[in-house]
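The sequence and the model come first, and the points follow by topic.

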Amino acid sequence: YFYSPHRSPDSKRILYSDKKLNLWYLDVDNPHPVKVDTENYEGFEFAGSATWSPDGKWIGYLKTLHNFMHAVYLYSLDTQKTTQITDGMSDVGSIAFDRNGKYLYFTASTNVGPSVAGFDLSSLDRAVSSNVYVVVLSKDLPSPLPPESDDEKAKDESKPSDDTKKTDDQSAKDKDKDKDKDKKDDTASKDKDKDKDKKDEKKLPTVKVDFDGIDQRILALPIPARNYIDLQAGKEGVLFIAEGGPVANPSHEGGPQIRALWRFALDKRETTEVLSGIGGYTISANGEKMLYKKGDSWLIATADEVKTTPGKTLNLGSLQANVDPRAEYRQMYHEAWRIERDFLYDPNHHGLDIAKVEKRYEPYLDGIGSRDELNYLFEEMLGEITIGHMFIRGPREPDNPPKTGLLGADFS
């Protein structure tokens, strides 16, 4: 079982994880897997938190520590070594490299408390918040948040005199003559500049990381604390941060996954709400476009303009799929047993002979007429394992299912 493949910016490598908690990458031209790290605790999305640096020479990812907090790690493809960046005193939720390769952003919570484990009911419905931080990767770079002066801007102290104005007018005329003479040279120069810009666009930024003193180059961004559940980089110096519900591990599901989507601009140090009540989003590789889900619709918009221009709804009405329910039911039947064989915590399956029981219930597939009947078969056969928390759901439960009637009696 493999999960969450991520293509590097130069399309030369693929990052992914497996069921045994390993994080891997492979070179497309030489597909020999290279192990990056191994997670400490069970999970299905080890690679889901991982991200490539803009030059494809570094991998940033999250790893669960023995205190169940998540820390940021960086892996160098050149040295094949991994280094822990954060100290594990906070729980890191999401990471993203800036497009310029100078910074690494992440969200972290210091009040997540027992919600981070999720082992019992005490972890449910606890209010949590997180902040957004930036790591300056190179020690040669200045702070992206230098102190700002609160002094008022000075007004113009004097206006140009009439004599000065006449002199300036004559100089402007002389300059106009020179401009007319140089127009042809400027046109040729602009064409060369356009060609140069096209070449520069394809060139990936070089990412330099100095681990010495890197913990002292972690800065809190001026963004209000909220329950952030995702963070993605837009264009250079731009972040999109998803805010979830007010509590971690809610006991009741329902409603949009993302309560609000915020845009932060590093140069202006401003945070703006651009969307609300969406089901998910993703930013294109160049940071220019956004794909997001609103209700049952998917929309594509210009990322920096999504607040004022929501974008165009994708026309999915013409999509068609050929479905053979009986073939699907049979495949799902065998897949269910395969999952139990490979994922159950007890490799002995509580003493049950998985292959024998799978054959015993297989003849019932010929009489299955609906997905509900298949679910009923799953409940019966998987009950043989005799274990709690064996849930059968799906494929999609209606928002307002019909209510059954209640039995009653008149006593008078």
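In this predicted model, Y329, M332, Y333, A336, W337 and E340 of helix 3 meet R371, L374, L377, F378, M381 and L382 of helix 5, where contact means heavy atoms within 4.5 Å. By class, the contact of helix 3 with helix 5 has 10 nonpolar, no polar and 2 charged residues; Ala, Val, Leu, Ile, Met, Phe, Trp, Tyr, Cys and Pro count as nonpolar, Asp, Glu, Lys and Arg as charged, and the others, Gly among them, as polar. Helices (H or I, at least four residues) and strands (E, at least two) are DSSP runs, numbered from the N terminus.

**Basis of the values**
- The model is predicted: local features need pLDDT of at least 70, side-chain atom pairs count only at pLDDT 80 or more, and totals for chains, interfaces and linings use all residues.
- Residues are numbered from 1 along each chain as its sequence is written, and side-chain values use heavy atoms, with hydrogens and water left out.

**Helix packing**
- The axes of helix 3 (residues 325-343) and helix 5 (residues 371-382) come within 11 Å and cross at roughly 25°; axes are lines fitted to C-alpha atoms, for helices over the stretch in contact, and angles run from 0 to 180 degrees between N-to-C directions.
- That crossing angle makes helix 3 roughly parallel to helix 5; angles under 35 degrees count as roughly parallel, over 145 as roughly antiparallel, 65 to 115 as roughly perpendicular and the rest as oblique.
- The crossing of helix 3 and helix 5 is right-handed: a crossing is right-handed if the near helix is turned clockwise from the far one by less than a right angle, and left-handed if anticlockwise.
- With helix 4 (residues 354-361), the axis of helix 3 comes within 10 Å and crosses at roughly 160°.
- Helix 3 is therefore roughly antiparallel to helix 4.
- The crossing of helix 3 and helix 4 is also right-handed.
- Y333, H334 and W337 in helix 3 meet I354, V357, E358 and Y361 in helix 4.
- The residues of this contact of helix 3 with helix 4 divide into 5 nonpolar, 1 polar and 1 charged.

- Strand 1 (residues 2-7) pairs with strand 2 (residues 13-18) in the antiparallel sense over 4 bridges; two strands pair if DSSP finds at least two bridges between them.
- F2 has D18 in strand 2 as its bridge partner.
- Strand 1 and strand 2 form a hairpin with 5 residues between them, and S11 in the turn has a positive phi of about 65°.
- Strand 2 also pairs with strand 3 (residues 22-27) in the antiparallel sense, over 5 bridges, with Y16 opposite W24 in strand 3.
- The hairpin of strand 2 and strand 3 has 3 residues between the strands, and L21 in its turn has a positive phi of about 70°.

**Sheet of strands 5 to 8**
- An open sheet of 4 strands runs in the order 5-6-7-8 with antiparallel pairing.
- Its edge strands are strand 5 (51-52) and strand 8 (81-84), each pairing on one side only.
- Strand 6 (residues 58-64) and strand 7 (residues 70-76) pair in the antiparallel sense over 7 bridges, and G60 stands opposite L74 in strand 7.

**Loop residue G113**
- G113 is found in the loop between strand 10 (103-109) and strand 11 (126-127) and is partly exposed, with a relative accessible area of 38%.
- G113 and D91 are 22 residues apart in sequence and 9.4 Å apart in space, C-alpha to C-alpha.

**Whole chain**
- The protein chain has 5 helices and 22 strands, and buried residues make up 34% of its 412 residues.

Key
Buried means under 20% relative accessible area, exposed over 50%, partly exposed in between (1.4 Å probe, protein chains only).
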